[in-house]
Amino acid sequence: GKLAAAVGPVTLILPTLGGHEWDRPGGPLADPSGHARFCAALRSGCPDNVRLIDLAAHINDPAFHDAALGQIDDWIAAGVLPAVNTP
């Protein structure tokens, strides 16, 4: 519901290989079928105003970080977010 109410651009990056360190393959609480059902529920409930990116990575993998930072870079380039200069 909160994503559907957004007034600006929204991107949901869905890490299909897990979202917590303990759910990595072989981890103490790994549940691949449960995570797959979670991802399916997010996909089916994703509002039309949301860009959904299915990413075959774990949330703690560099590929996820790169995708998130790439989205921010895209928004800065498009003027959606202001560029911040740091010393």
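## Arg24 and its salt bridges

Arg24 is partly exposed, its relative accessible area being 24%, and in this predicted model its side chain meets that of Asp61 in a salt bridge, with N and O 3.0 Å apart. Because Arg24 lies in the loop between strand 1 (10-15) and helix 1 (32-45), while Asp61 lies in the loop between strand 2 (50-55) and helix 2, the pair ties together parts that are 37 residues apart in sequence. Arg24 also forms a salt bridge with Glu21, where the closest N and O atoms are 2.9 Å apart; Glu21 is partly exposed, at 47% relative accessibility.

## A link between strand 2 and helix 1

The structure holds 3 salt bridges, among them one between Asp54 and Arg43, whose closest N and O atoms are 3.0 Å apart. Asp54 belongs to strand 2 and Arg43 to helix 1, so this pair ties together parts that are 11 residues apart in sequence. Salt bridges with shared partners join Glu21, Arg24 and Asp61 into one network.

A search of the whole structure finds 0 disulfides. The sulfur of Cys39 has its closest cysteine sulfur in Cys46, 12 Å away, which is too far for a bond. Cys39 is buried, at 1% relative accessibility, and Cys46 is likewise buried, with a relative accessible area of 17%.

## A nonpolar surface patch

On the surface, Leu69, Ile72, Ile76, Val80 and Leu81 form a nonpolar patch that has about 370 Å² of accessible area together. One of these residues, Ile76, is found in helix 2 (residues 62-77) and counts as partly exposed at 31% relative accessibility.

Methods
Residues are numbered from 1 along each chain as its sequence is written. This is a predicted model: local features need pLDDT of at least 70, side-chain atom pairs count only at pLDDT 80 or more; totals for chains, interfaces and linings use all residues. Side-chain values use heavy atoms; hydrogens and water are left out. Patches are made of residues with over 30% relative accessible area and no salt bridge: like charges are joined within 9 Å, nonpolar side chains (Val, Leu, Ile, Met, Phe, Trp, Tyr) within 5 Å. Accessible areas come from the Shrake-Rupley method with a 1.4 Å probe; for residues, only the protein chains shown count as cover. A salt bridge is a side-chain nitrogen of Lys or Arg within 4 Å of a carboxyl oxygen of Asp or Glu. Helices (H or I, at least four residues) and strands (E, at least two) are DSSP runs, numbered from the N terminus. Buried means under 20% relative accessible area, exposed over 50%, partly exposed in between (1.4 Å probe, protein chains only). A disulfide is a pair of cysteine sulfur atoms within 2.5 Å.
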